Amino acid sequence: MSPSIDKPRPSGIKVIIVGAGFAGLTAAIECNRKGHEALVLESFAELKVLGDIISFGPNAGRIFERWPGVPEQLDPICIKTKGLTYKSYLGEYLFYQSWDTEKSYGKAYNGHRGEIHEIVYNHALSLGIEIRLGQKITEYFEDEKEAGVVSNGQRIVGDIVLAADGVRSRGRTLVLGYEDKPKSSGYAIYRAWFDSARIANNPKTKYLVENGDTHSAWLGPDIHFLAASIKDGKDFSWVCTHKDEADVEEGWQEPGRIEDALKVLEGWDPIVHEIVTATPFLVDWKLVYRDPMPTWISPQARIALIGDAAHPFLPTSVQGASQAMEDGATVAVCLALSGKNKIPEALRAFEKIRYGRVLAAQKTGETTRDKWHKADFDKIKENPESLKLVREAWLMDHDAEAHAYKVYPETIALLGVDKEPTVEAAQLRMVEVA
(Lines give C-alpha, C1' and ligand atoms only; values in the text may rest on other atoms or scores of the structure.)
Protein backbone atom coordinates (compact mmCIF):
# COMPACT_ATOMS: atom_id res chain seq x y z
CA MET A 1 0.00 0.00 0.00
CA SER A 2 1.09 3.56 -0.68
CA PRO A 3 1.47 5.99 2.21
CA SER A 4 -1.70 7.95 3.03
CA ILE A 5 -1.17 11.62 2.29
CA ASP A 6 -4.34 13.48 3.25
CA LYS A 7 -2.75 16.77 4.34
CA PRO A 8 0.84 16.75 3.13
CA ARG A 9 3.39 19.16 4.42
CA PRO A 10 4.63 21.54 1.71
CA SER A 11 7.68 20.10 -0.01
CA GLY A 12 8.91 23.45 -1.23
CA ILE A 13 9.03 22.08 -4.80
CA LYS A 14 7.45 24.27 -7.48
CA VAL A 15 6.34 22.28 -10.52
CA ILE A 16 5.45 24.05 -13.77
CA ILE A 17 3.25 21.87 -15.96
CA VAL A 18 2.72 22.73 -19.62
CA GLY A 19 -0.58 21.34 -20.83
CA ALA A 20 -3.90 20.63 -19.10
CA GLY A 21 -4.67 17.27 -20.71
CA PHE A 22 -4.87 14.09 -18.68
CA ALA A 23 -1.10 13.83 -18.22
CA GLY A 24 -0.79 17.43 -17.06
CA LEU A 25 -3.83 17.44 -14.79
CA THR A 26 -2.89 14.11 -13.22
CA ALA A 27 0.62 15.38 -12.55
CA ALA A 28 -0.82 18.55 -10.99
CA ILE A 29 -3.30 16.69 -8.78
CA GLU A 30 -0.76 14.08 -7.70
CA CYS A 31 1.86 16.76 -7.00
CA ASN A 32 -0.71 18.56 -4.89
CA ARG A 33 -1.37 15.33 -2.96
CA LYS A 34 2.36 15.09 -2.22
CA GLY A 35 2.74 18.69 -1.05
CA HIS A 36 4.32 20.14 -4.20
CA GLU A 37 3.14 23.46 -5.64
CA ALA A 38 1.76 22.96 -9.16
CA LEU A 39 1.15 25.61 -11.80
CA VAL A 40 -0.55 24.49 -15.03
CA LEU A 41 -0.17 26.47 -18.26
CA GLU A 42 -2.65 25.59 -21.03
CA SER A 43 -2.68 26.99 -24.58
CA PHE A 44 -6.45 26.88 -25.09
CA ALA A 45 -8.16 30.11 -24.07
CA GLU A 46 -11.27 28.18 -23.05
CA LEU A 47 -11.71 24.49 -22.24
CA LYS A 48 -14.77 23.06 -23.97
CA VAL A 49 -16.41 19.64 -23.68
CA LEU A 50 -15.09 18.21 -26.94
CA GLY A 51 -14.07 14.82 -28.27
CA ASP A 52 -15.47 11.32 -28.26
CA ILE A 53 -14.70 7.95 -26.67
CA ILE A 54 -11.66 7.58 -24.41
CA SER A 55 -10.63 4.62 -22.28
CA PHE A 56 -8.99 4.42 -18.87
CA GLY A 57 -8.02 0.94 -17.70
CA PRO A 58 -8.05 -0.22 -14.06
CA ASN A 59 -4.43 0.96 -13.81
CA ALA A 60 -5.75 4.51 -14.31
CA GLY A 61 -8.93 3.79 -12.35
CA ARG A 62 -6.80 3.33 -9.21
CA ILE A 63 -5.56 6.88 -9.63
CA PHE A 64 -9.07 8.31 -10.09
CA GLU A 65 -10.20 6.45 -6.98
CA ARG A 66 -7.66 8.31 -4.82
CA TRP A 67 -9.34 11.60 -5.74
CA PRO A 68 -12.33 12.20 -3.43
CA GLY A 69 -15.63 12.53 -5.28
CA VAL A 70 -14.24 11.88 -8.75
CA PRO A 71 -15.28 8.21 -9.18
CA GLU A 72 -18.81 9.10 -8.13
CA GLN A 73 -18.98 11.74 -10.86
CA LEU A 74 -17.42 9.49 -13.50
CA ASP A 75 -19.57 6.43 -12.94
CA PRO A 76 -22.87 7.74 -14.41
CA ILE A 77 -21.25 8.90 -17.66
CA CYS A 78 -19.07 5.85 -18.35
CA ILE A 79 -19.86 2.86 -20.53
CA LYS A 80 -21.12 -0.25 -18.78
CA THR A 81 -20.67 -3.32 -20.93
CA LYS A 82 -19.66 -6.86 -20.05
CA GLY A 83 -17.50 -7.38 -23.11
CA LEU A 84 -16.79 -6.80 -26.79
CA THR A 85 -18.50 -8.55 -29.73
CA TYR A 86 -16.25 -9.23 -32.73
CA LYS A 87 -17.60 -9.55 -36.28
CA SER A 88 -16.01 -9.80 -39.70
CA TYR A 89 -16.37 -6.85 -42.04
CA LEU A 90 -19.17 -8.80 -43.75
CA GLY A 91 -21.10 -9.01 -40.49
CA GLU A 92 -20.27 -12.61 -39.54
CA TYR A 93 -20.12 -13.24 -35.78
CA LEU A 94 -16.60 -14.22 -34.70
CA PHE A 95 -16.13 -14.03 -30.95
CA TYR A 96 -17.18 -12.37 -27.68
CA GLN A 97 -14.47 -11.15 -25.31
CA SER A 98 -15.83 -10.93 -21.78
CA TRP A 99 -14.45 -8.46 -19.26
CA ASP A 100 -15.47 -10.70 -16.34
CA THR A 101 -12.00 -12.18 -16.03
CA GLU A 102 -10.63 -8.67 -15.41
CA LYS A 103 -12.78 -7.72 -12.44
CA SER A 104 -9.95 -8.51 -10.05
CA TYR A 105 -7.84 -5.80 -11.71
CA GLY A 106 -10.22 -3.03 -10.64
CA LYS A 107 -12.59 -0.67 -12.38
CA ALA A 108 -12.16 0.83 -15.84
CA TYR A 109 -13.62 4.22 -16.80
CA ASN A 110 -14.51 4.62 -20.49
CA GLY A 111 -16.61 7.52 -21.73
CA HIS A 112 -16.68 10.87 -23.48
CA ARG A 113 -13.26 12.50 -23.38
CA GLY A 114 -14.59 16.02 -22.84
CA GLU A 115 -16.98 15.02 -20.07
CA ILE A 116 -14.31 13.05 -18.18
CA HIS A 117 -11.78 15.83 -18.69
CA GLU A 118 -14.20 18.42 -17.31
CA ILE A 119 -14.60 16.41 -14.09
CA VAL A 120 -10.83 16.04 -13.66
CA TYR A 121 -10.23 19.72 -14.51
CA ASN A 122 -12.81 20.87 -11.96
CA HIS A 123 -11.30 18.56 -9.34
CA ALA A 124 -7.92 20.20 -9.88
CA LEU A 125 -9.48 23.63 -9.44
CA SER A 126 -11.26 22.48 -6.27
CA LEU A 127 -7.85 21.64 -4.77
CA GLY A 128 -6.69 25.20 -5.35
CA ILE A 129 -4.35 24.31 -8.22
CA GLU A 130 -3.62 27.35 -10.39
CA ILE A 131 -4.45 26.77 -14.07
CA ARG A 132 -3.74 29.57 -16.53
CA LEU A 133 -5.49 29.36 -19.90
CA GLY A 134 -4.52 31.06 -23.16
CA GLN A 135 -0.80 30.51 -22.57
CA LYS A 136 1.57 30.45 -25.56
CA ILE A 137 4.85 28.77 -24.64
CA THR A 138 7.71 30.08 -26.78
CA GLU A 139 10.70 28.79 -24.84
CA TYR A 140 11.83 26.18 -22.32
CA PHE A 141 14.98 26.83 -20.29
CA GLU A 142 16.93 25.29 -17.41
CA ASP A 143 20.16 25.40 -15.47
CA GLU A 144 21.55 23.36 -12.58
CA LYS A 145 19.22 24.95 -10.02
CA GLU A 146 15.93 25.71 -11.77
CA ALA A 147 13.84 25.42 -14.91
CA GLY A 148 11.11 27.39 -16.55
CA VAL A 149 9.29 28.60 -19.63
CA VAL A 150 8.51 31.81 -21.41
CA SER A 151 4.73 32.06 -21.65
CA ASN A 152 2.96 35.00 -23.28
CA GLY A 153 6.26 36.82 -23.08
CA GLN A 154 6.58 36.24 -19.33
CA ARG A 155 9.46 34.29 -17.83
CA ILE A 156 8.07 31.75 -15.32
CA VAL A 157 10.55 29.87 -13.14
CA GLY A 158 10.19 26.79 -10.95
CA ASP A 159 12.22 23.86 -9.70
CA ILE A 160 11.03 21.58 -12.49
CA VAL A 161 9.04 21.71 -15.71
CA LEU A 162 6.82 18.87 -16.93
CA ALA A 163 6.05 19.17 -20.63
CA ALA A 164 2.62 17.59 -21.07
CA ASP A 165 1.64 19.47 -24.22
CA GLY A 166 1.25 16.58 -26.64
CA VAL A 167 3.06 15.24 -29.67
CA ARG A 168 3.97 18.72 -30.91
CA SER A 169 5.58 19.73 -27.62
CA ARG A 170 8.31 22.35 -27.83
CA GLY A 171 9.91 20.56 -24.91
CA ARG A 172 10.89 17.69 -27.21
CA THR A 173 13.31 19.97 -29.02
CA LEU A 174 15.12 20.87 -25.80
CA VAL A 175 15.31 17.25 -24.65
CA LEU A 176 16.45 15.84 -27.99
CA GLY A 177 18.64 18.75 -29.03
CA TYR A 178 16.90 19.01 -32.40
CA GLU A 179 13.40 19.37 -33.82
CA ASP A 180 11.69 16.10 -34.71
CA LYS A 181 8.50 16.71 -36.63
CA PRO A 182 5.60 14.26 -36.23
CA LYS A 183 5.20 11.82 -39.10
CA SER A 184 2.14 10.18 -40.54
CA SER A 185 1.64 6.66 -39.21
CA GLY A 186 -0.01 5.68 -42.49
CA TYR A 187 -3.37 5.49 -40.71
CA ALA A 188 -6.21 7.82 -39.81
CA ILE A 189 -9.41 7.49 -37.79
CA TYR A 190 -12.90 8.70 -38.52
CA ARG A 191 -14.45 9.47 -35.12
CA ALA A 192 -17.99 10.35 -34.06
CA TRP A 193 -20.14 10.80 -30.94
CA PHE A 194 -23.83 11.71 -31.08
CA ASP A 195 -27.27 11.24 -29.57
CA SER A 196 -28.42 7.69 -30.33
CA ALA A 197 -31.97 8.62 -31.38
CA ARG A 198 -31.24 7.96 -35.06
CA ILE A 199 -29.75 4.58 -34.23
CA ALA A 200 -32.72 3.72 -31.99
CA ASN A 201 -35.29 4.73 -34.62
CA ASN A 202 -33.77 2.50 -37.30
CA PRO A 203 -35.12 -1.10 -37.09
CA LYS A 204 -31.79 -2.38 -38.43
CA THR A 205 -29.64 -0.75 -35.75
CA LYS A 206 -31.89 -0.32 -32.71
CA TYR A 207 -30.52 -3.52 -31.17
CA LEU A 208 -27.28 -1.61 -30.57
CA VAL A 209 -28.94 0.77 -28.09
CA GLU A 210 -32.33 -0.52 -26.92
CA ASN A 211 -30.95 -2.79 -24.18
CA GLY A 212 -28.45 -0.40 -22.66
CA ASP A 213 -24.74 -0.15 -23.40
CA THR A 214 -23.13 -2.32 -26.08
CA HIS A 215 -19.68 -2.58 -27.64
CA SER A 216 -19.00 -4.10 -31.08
CA ALA A 217 -16.01 -4.45 -33.41
CA TRP A 218 -16.01 -5.14 -37.16
CA LEU A 219 -12.65 -6.23 -38.58
CA GLY A 220 -11.54 -6.19 -42.21
CA PRO A 221 -8.46 -5.83 -44.43
CA ASP A 222 -6.45 -2.89 -43.04
CA ILE A 223 -9.58 -1.42 -41.41
CA HIS A 224 -11.38 -1.86 -38.11
CA PHE A 225 -14.64 -0.26 -36.99
CA LEU A 226 -15.62 0.01 -33.30
CA ALA A 227 -19.07 1.11 -32.14
CA ALA A 228 -20.41 1.65 -28.63
CA SER A 229 -23.59 2.84 -26.97
CA ILE A 230 -23.13 4.73 -23.70
CA LYS A 231 -25.26 6.11 -20.84
CA ASP A 232 -27.76 3.27 -21.00
CA GLY A 233 -27.88 3.55 -24.79
CA LYS A 234 -28.61 7.30 -24.90
CA ASP A 235 -25.35 8.26 -26.66
CA PHE A 236 -23.54 6.51 -29.49
CA SER A 237 -19.90 6.58 -30.57
CA TRP A 238 -17.92 4.95 -33.35
CA VAL A 239 -14.35 5.01 -34.66
CA CYS A 240 -12.97 3.66 -37.92
CA THR A 241 -9.21 3.16 -38.32
CA HIS A 242 -8.08 2.97 -41.96
CA LYS A 243 -5.08 3.52 -44.22
CA ASP A 244 -4.25 7.16 -44.90
CA GLU A 245 -0.98 8.63 -46.18
CA ALA A 246 -1.87 12.32 -45.76
CA ASP A 247 0.88 14.70 -44.63
CA VAL A 248 0.22 15.51 -40.96
CA GLU A 249 1.40 19.06 -41.57
CA GLU A 250 -1.68 19.57 -43.74
CA GLY A 251 -3.95 19.08 -40.75
CA TRP A 252 -3.90 16.73 -37.82
CA GLN A 253 -7.59 16.81 -36.96
CA GLU A 254 -10.25 18.07 -39.34
CA PRO A 255 -13.97 17.69 -40.01
CA GLY A 256 -14.63 14.48 -41.93
CA ARG A 257 -17.09 13.72 -44.71
CA ILE A 258 -19.71 10.97 -44.44
CA GLU A 259 -19.28 10.05 -48.10
CA ASP A 260 -15.54 9.54 -47.61
CA ALA A 261 -16.12 7.22 -44.66
CA LEU A 262 -18.70 5.23 -46.64
CA LYS A 263 -16.22 4.88 -49.49
CA VAL A 264 -13.56 3.50 -47.13
CA LEU A 265 -16.15 1.00 -45.87
CA GLU A 266 -17.40 -0.02 -49.30
CA GLY A 267 -18.55 -3.66 -49.31
CA TRP A 268 -18.81 -3.82 -45.50
CA ASP A 269 -21.70 -5.04 -43.34
CA PRO A 270 -24.82 -2.94 -44.14
CA ILE A 271 -25.20 -2.29 -40.39
CA VAL A 272 -21.92 -0.37 -40.46
CA HIS A 273 -23.21 1.73 -43.35
CA GLU A 274 -26.44 2.42 -41.46
CA ILE A 275 -24.41 3.65 -38.48
CA VAL A 276 -22.25 5.96 -40.59
CA THR A 277 -25.23 7.31 -42.53
CA ALA A 278 -26.97 8.17 -39.25
CA THR A 279 -23.97 10.22 -38.09
CA PRO A 280 -24.55 14.00 -38.01
CA PHE A 281 -20.87 14.98 -37.75
CA LEU A 282 -17.51 13.21 -37.73
CA VAL A 283 -13.83 14.03 -37.31
CA ASP A 284 -10.99 12.89 -39.57
CA TRP A 285 -8.06 12.35 -37.19
CA LYS A 286 -4.62 11.59 -38.60
CA LEU A 287 -2.62 9.18 -36.44
CA VAL A 288 0.78 10.70 -35.74
CA TYR A 289 3.86 8.51 -35.35
CA ARG A 290 7.14 9.24 -33.61
CA ASP A 291 10.14 7.02 -33.08
CA PRO A 292 10.73 6.11 -29.41
CA MET A 293 12.82 8.82 -27.79
CA PRO A 294 16.17 7.78 -26.31
CA THR A 295 15.33 9.91 -23.26
CA TRP A 296 12.45 11.99 -21.86
CA ILE A 297 14.74 14.10 -19.67
CA SER A 298 16.56 17.35 -20.47
CA PRO A 299 20.37 17.64 -20.17
CA GLN A 300 20.21 19.20 -16.68
CA ALA A 301 17.39 16.84 -15.63
CA ARG A 302 15.11 19.72 -14.69
CA ILE A 303 12.61 19.22 -17.52
CA ALA A 304 10.72 16.00 -18.27
CA LEU A 305 8.33 15.04 -21.03
CA ILE A 306 5.20 13.15 -19.96
CA GLY A 307 2.17 11.71 -21.73
CA ASP A 308 1.95 12.08 -25.50
CA ALA A 309 4.83 14.56 -25.47
CA ALA A 310 7.07 11.65 -24.49
CA HIS A 311 5.30 8.60 -25.90
CA PRO A 312 2.26 8.84 -28.21
CA PHE A 313 0.17 5.66 -28.31
CA LEU A 314 -1.87 3.99 -31.01
CA PRO A 315 -5.56 3.84 -30.02
CA THR A 316 -5.47 0.04 -30.39
CA SER A 317 -3.34 -0.11 -27.24
CA VAL A 318 -6.32 1.28 -25.28
CA GLN A 319 -3.64 2.59 -22.90
CA GLY A 320 -2.54 6.05 -24.06
CA ALA A 321 -4.55 8.01 -21.47
CA SER A 322 -3.88 5.46 -18.73
CA GLN A 323 -0.11 5.58 -19.26
CA ALA A 324 -0.23 9.40 -19.27
CA MET A 325 -1.89 9.24 -15.85
CA GLU A 326 0.69 6.74 -14.63
CA ASP A 327 3.39 9.25 -15.64
CA GLY A 328 1.78 11.94 -13.49
CA ALA A 329 1.39 9.68 -10.47
CA THR A 330 4.96 8.36 -10.73
CA VAL A 331 6.75 11.67 -11.11
CA ALA A 332 4.91 13.10 -8.10
CA VAL A 333 6.11 10.19 -5.92
CA CYS A 334 9.68 10.51 -7.17
CA LEU A 335 9.74 14.21 -6.28
CA ALA A 336 8.31 13.46 -2.83
CA LEU A 337 11.03 10.90 -2.16
CA SER A 338 13.92 12.93 -3.57
CA GLY A 339 13.08 16.24 -1.95
CA LYS A 340 13.84 19.70 -3.28
CA ASN A 341 17.61 19.23 -3.22
CA LYS A 342 17.69 16.15 -5.47
CA ILE A 343 15.24 16.95 -8.25
CA PRO A 344 17.51 15.71 -11.09
CA GLU A 345 17.72 12.39 -9.26
CA ALA A 346 13.91 12.27 -9.08
CA LEU A 347 13.46 12.85 -12.81
CA ARG A 348 16.06 10.26 -13.75
CA ALA A 349 14.39 7.77 -11.44
CA PHE A 350 10.98 8.61 -12.92
CA GLU A 351 12.27 7.90 -16.40
CA LYS A 352 13.93 4.64 -15.41
CA ILE A 353 10.80 3.41 -13.61
CA ARG A 354 8.51 4.27 -16.51
CA TYR A 355 10.48 3.81 -19.73
CA GLY A 356 10.40 0.05 -20.20
CA ARG A 357 6.78 -0.31 -19.08
CA VAL A 358 5.65 2.38 -21.51
CA LEU A 359 7.55 0.80 -24.39
CA ALA A 360 5.92 -2.57 -23.70
CA ALA A 361 2.48 -0.99 -23.50
CA GLN A 362 3.03 0.87 -26.78
CA LYS A 363 3.85 -2.38 -28.56
CA THR A 364 0.46 -3.85 -27.61
CA GLY A 365 -1.13 -1.22 -29.87
CA GLU A 366 0.97 -2.28 -32.84
CA THR A 367 0.29 -5.96 -32.16
CA THR A 368 -3.48 -5.47 -31.91
CA ARG A 369 -3.70 -3.30 -35.01
CA ASP A 370 -1.71 -5.78 -37.07
CA LYS A 371 -3.65 -8.85 -35.96
CA TRP A 372 -6.96 -7.08 -36.62
CA HIS A 373 -6.00 -5.55 -39.95
CA LYS A 374 -4.15 -8.55 -41.36
CA ALA A 375 -6.50 -11.26 -40.08
CA ASP A 376 -6.90 -14.46 -42.10
CA PHE A 377 -10.60 -15.03 -41.45
CA ASP A 378 -10.49 -18.71 -42.35
CA LYS A 379 -7.90 -19.23 -39.61
CA ILE A 380 -9.69 -16.80 -37.30
CA LYS A 381 -12.81 -18.96 -37.38
CA GLU A 382 -10.69 -21.86 -36.09
CA ASN A 383 -9.17 -19.74 -33.30
CA PRO A 384 -11.31 -16.60 -32.76
CA GLU A 385 -9.72 -15.89 -29.37
CA SER A 386 -6.58 -14.80 -31.22
CA LEU A 387 -8.41 -11.49 -31.84
CA LYS A 388 -8.46 -10.63 -28.15
CA LEU A 389 -7.37 -7.23 -26.94
CA VAL A 390 -4.33 -7.48 -24.67
CA ARG A 391 -5.75 -7.11 -21.16
CA GLU A 392 -3.04 -8.84 -19.18
CA ALA A 393 -2.40 -8.41 -15.47
CA TRP A 394 1.03 -6.77 -15.92
CA LEU A 395 -0.67 -3.96 -17.83
CA MET A 396 -4.05 -3.57 -16.13
CA ASP A 397 -3.43 -4.73 -12.56
CA HIS A 398 -0.78 -2.12 -11.87
CA ASP A 399 -0.64 0.59 -9.21
CA ALA A 400 1.75 3.28 -10.44
CA GLU A 401 1.90 5.12 -7.13
CA ALA A 402 2.57 2.03 -5.01
CA HIS A 403 5.07 0.74 -7.55
CA ALA A 404 7.02 4.01 -7.51
CA TYR A 405 7.25 3.98 -3.72
CA LYS A 406 8.40 0.37 -3.80
CA VAL A 407 11.11 0.57 -6.48
CA TYR A 408 12.45 4.12 -5.98
CA PRO A 409 15.31 3.13 -3.61
CA GLU A 410 16.59 0.35 -5.85
CA THR A 411 16.13 2.55 -8.93
CA ILE A 412 18.32 5.26 -7.39
CA ALA A 413 20.94 2.63 -6.63
CA LEU A 414 20.93 1.54 -10.27
CA LEU A 415 21.14 5.03 -11.72
CA GLY A 416 24.90 5.19 -11.34
CA VAL A 417 25.26 1.97 -13.32
CA ASP A 418 22.73 2.54 -16.12
CA LYS A 419 21.86 6.19 -16.57
CA GLU A 420 20.63 6.09 -20.14
CA PRO A 421 17.29 4.29 -20.72
CA THR A 422 17.96 3.27 -24.33
CA VAL A 423 15.30 1.44 -26.29
CA GLU A 424 17.46 -1.69 -26.33
CA ALA A 425 18.03 -1.61 -22.56
CA ALA A 426 14.34 -1.03 -21.97
CA GLN A 427 13.41 -4.05 -24.03
CA LEU A 428 15.69 -6.20 -21.85
CA ARG A 429 14.09 -5.02 -18.62
CA MET A 430 10.45 -4.77 -19.77
CA VAL A 431 9.29 -7.72 -17.72
CA GLU A 432 11.14 -6.52 -14.62
CA VAL A 433 9.69 -3.01 -14.78
CA ALA A 434 6.16 -4.12 -15.66
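The model is a prediction, so local features were kept at pLDDT of at least 70 and side-chain atom pairs at pLDDT 80 or more, while totals for chains, interfaces and linings use all residues. Residues are numbered from 1 along each chain as its sequence is written, and side-chain values rest on heavy atoms, with hydrogens and water left out.

Start with the nonpolar cores, meaning sets of buried Ala, Val, Leu, Ile, Met, Phe, Trp, Tyr and Cys residues joined through side-chain atoms within 4.5 Å. Buried here is under 20% relative accessible area, exposed is over 50%, and partly exposed is in between, using a 1.4 Å probe and protein chains only. The largest core holds 82 residues, and those touching the most other members are Ile17, Phe56, Phe64, Ile116, Val149 and Leu162. Helix 10 (residues 343–373) supplies the largest share of this core, with nine residues. Helices (H or I, at least four residues) and strands (E, at least two) are DSSP runs, numbered from the N terminus. Another core, of 22 residues, lies apart from the largest one and includes Ala192, Ile199, Phe225 and Trp238.

Phe56 is a handy way into the aromatic part. With contact taken as heavy atoms within 4.5 Å, and residues up to four places away in sequence set aside, Phe56 touches Phe22, Phe64, Ala108, Tyr109, Asn110, Ile116, Ala321, Ser322 and Met325. Phe56 also belongs to one aromatic cluster with Phe22, Phe64, Trp67 and Tyr109. Rings of Phe, Tyr and Trp (its six-membered ring) pair if their centres lie within 6.5 Å; planes under 30 degrees apart count as stacked, over 60 as edge-to-face and the rest as tilted. That rule gives 12 aromatic pairs. Phe64 and Tyr109 make an edge-to-face pair, because their ring centres are 5.6 Å apart and their planes sit at 80°. This pair ties together distant parts of the chain, with Phe64 in helix 2 (residues 58–64) and Tyr109 in strand 6, 45 residues apart. Phe64 counts as buried at 0% relative accessibility, and Tyr109 does too at 2%.

Ala108 sits in the loop between strand 5 (93–98) and strand 6 (109–112). At 29% relative accessibility, Ala108 is partly exposed. Beyond its neighbours within four places in sequence, Ala108 contacts Phe56, Gly57 and Pro58.

Most of helix 1 is covered, with 11 of its 12 residues buried. Just after helix 1, Gly35 adopts a positive phi of about 90°.

Helix 8 (residues 270–277) buries Ile271, Val272, Ile275 and Val276. Viewed down the axis of helix 8, these residues fall within an arc of 135° (taken over directions from the helix axis to the C-beta atoms), so they line one face. An α-helix has 3.6 residues a turn, so residues three or four places apart point the same way. Pro270 and Thr277, on the other side of helix 8, are exposed. The cover over the buried residues of helix 8 includes strand 12 (183–195), helix 6 (197–200) and helix 7 (258–264).
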